[in-house]
Structures are given as structure tokens and as C-alpha cells.
Amino acid sequence: MKRQKRDMASRAYDRGYLAGVSGRSSDSCPHENEQQRVNWLSGWREGRAAQWDGMTGVSGVHRLPSV
């Protein structure tokens, strides 16, 4: 649990991926820190690509290594 809280880059990517798969806009990025924002947007792009490929719901989330 503590390791997950320390690795903010991975968490930002995972949260961005989930936002992308669910169809949220990239403007909804909650991070002000530049590096976390970059990681979140990378995950968001991957999530959007997965959504466009038809990977929605459980089939989209299973691609995340930490979920």
C-alpha cells in the first residue's frame, strides 16, 4: 500500500488510463505538477486508444498491470 502511494507517476498513468477508457476529456486532468500531468496524459491517450479499439468496461481495465 505504501509503495503505491509513493509511486505517483504510476498512479497518475493508471488514473489517466481509467479516465481515457471511460471517455472523459483530457481537460479533466487533476494534476498541476508537470511530470504527473505528462504521465496522466500518456495514460489517457492509451485509454482512449483502448476505447476506440472496443476495449470498454472490464476488457479495457484488465490491461492495467496494477488493477
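Visitor: Which residues of H3 are buried?
Guide: In H3, the buried residues are Gln36, Asn39, Trp40, Leu41, Gly43, Trp44, Gly47, Arg48 and Ala50. Buried means under 20% relative accessible area, exposed over 50%, and partly exposed in between, with a 1.4 Å probe and protein chains only. The buried residues of H3 pack against H2.

Visitor: What kind of model is this, and what are its limits?
Guide: This is a predicted model, in which local features need pLDDT of at least 70, side-chain atom pairs count only at pLDDT 80 or more, and totals for chains, interfaces and linings use all residues. Residues are numbered from 1 along each chain as its sequence is written, and side-chain values use heavy atoms, with hydrogens and water left out.

Visitor: Why is Asp14 called buried?
Guide: Asp14 has a relative accessibility of 11%, and the limit for buried is under 20%, so Asp14 counts as buried. Asp14 is found in helix H2, where Ala12, Gly16, Tyr17, Ala19, Gly20 and Val21 are also buried. The C-alpha atoms of Asp14 and Ser42 are separated by 9.4 Å, although the two are 28 residues apart along the chain.

Visitor: What makes Val38 partly exposed?
Guide: Val38, in helix H3, has a relative accessible area of 37%.

Visitor: How do you know that the span of H3 agrees with its length?
Guide: The expected span of a helix is 1.5 Å times one less than its number of residues. H3 has 19 residues and should therefore span 27 Å; its end C-alpha atoms are 27 Å apart, which agrees. Helix H2, residues 8–21, has 14 residues and reaches 20 Å, close to the 20 Å expected. After H2 comes Gly23, with a positive phi near 90 degrees.

Visitor: What makes the crossing of H2 and H3 right-handed?
Guide: A crossing is right-handed if the near helix is turned clockwise from the far one by less than a right angle, and left-handed if anticlockwise. H2 passes H3 in a right-handed crossing. The two helices pack at an angle of about 35 degrees with their axes 6 Å apart; axes are lines fitted to C-alpha atoms, for helices over the stretch in contact, and angles run from 0 to 180 degrees between N-to-C directions. The contact (heavy atoms within 4.5 Å) includes Met8, Tyr13 and Gly16 of H2, and Trp40, Gly43 and Trp44 of H3. The contact residues divide into 10 nonpolar, 8 polar and 3 charged. Ala, Val, Leu, Ile, Met, Phe, Trp, Tyr, Cys and Pro count as nonpolar, Asp, Glu, Lys and Arg as charged, and the others, Gly among them, as polar.

Visitor: What is the pattern of the protein chain along the sequence?
Guide: The pattern is α-α-α-α, with 4 helices and 0 strands. Helices (H or I, at least four residues) and strands (E, at least two) are DSSP runs, numbered from the N terminus. Of the 67 residues of the protein chain, 30% count as buried.
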